[in-house]
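Please look over the structure before reading on.

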Amino acid sequence: MEKREISSVEFLIEKIKQKISNDDILGNILNGEILTIRDGCEDWEIECGRNIVDIYKKLSKLVEKIR
């Protein structure tokens, strides 16, 4: 990848991180806080949030490897 493309991808990853951090549920998941709904049942938003954060973490690792 060219240097300009790498910078662009890094910028986009940082924007994703900011959006995740600004969201209550996603921010808590990113920070490793355990989120559950009453009676120990997990809400679909939390499950989807975990998936989003996992994908973000994988993308971040890929960008690091590309550098």
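A residue is buried under 20% relative accessible area, exposed over 50%, and partly exposed in between. The model discussed here is predicted. E64 has 47% relative accessibility, so E64 counts as partly exposed.

E64 lies in helix 3. In sequence, 58 residues separate E64 from I6. In space, the C-alpha atoms of E64 and I6 are 9.8 Å apart.

## Overall fold

The chain has three helices and zero strands. Along the sequence the pattern is α-α-α. The chain has 67 residues, of which 21% are buried.

What share of the contacts between residues at least 6 apart in sequence joins residues at least 24 apart? The share is 44%.

## Helix 1 against helix 3

Two packed helices are described by the angle between their axes and the distance between the axes. Helix 1 spans residues 3-22, and helix 3 spans residues 44-66. Their axes come within 11 Å. The crossing angle is roughly 155°. Angles over 145 degrees count as roughly antiparallel, and helix 1 and helix 3 are therefore roughly antiparallel to each other. Their crossing is left-handed.

Helix 1 makes this contact through I6, V9, E10, I13, I16, K17 and I20. Helix 3 contributes I52, V53, Y56, L59, S60, V63 and I66. By type, the residues of the contact are eleven nonpolar, one polar and two charged.

## The nonpolar core

Which residues form the largest nonpolar core? This core has ten: I13, I20, L26, I29, L30, L35, I46, V53, Y56 and V63. Helix 1, helix 2 (24-30) and helix 3 each give two or more residues to the core. Helix 3 gives the most, with four residues.

## Contacts of L26

Which residues does L26 touch, leaving aside its neighbours within four places in sequence? The partners are I20, G49, I52 and V53.

Note on methods
Residues numbered from 1 in each chain as written. Predicted model: local features only at pLDDT ≥ 70, side-chain atom pairs only at ≥ 80, totals over all residues. Heavy atoms only, no water. Axes fitted to C-alpha atoms, helices over the stretch in contact; angles between N-to-C directions. Parallel < 35°, antiparallel > 145°, perpendicular 65-115°, else oblique. Left-handed = near helix turned anticlockwise from the far one by under 90°. Contact = heavy atoms within 4.5 Å. Nonpolar A, V, L, I, M, F, W, Y, C, P; charged D, E, K, R; others polar. Core = buried A, V, L, I, M, F, W, Y, C linked by side-chain atoms within 4.5 Å. Buried < 20%, exposed > 50% of the residue type's maximum accessible area, 1.4 Å probe, protein only.
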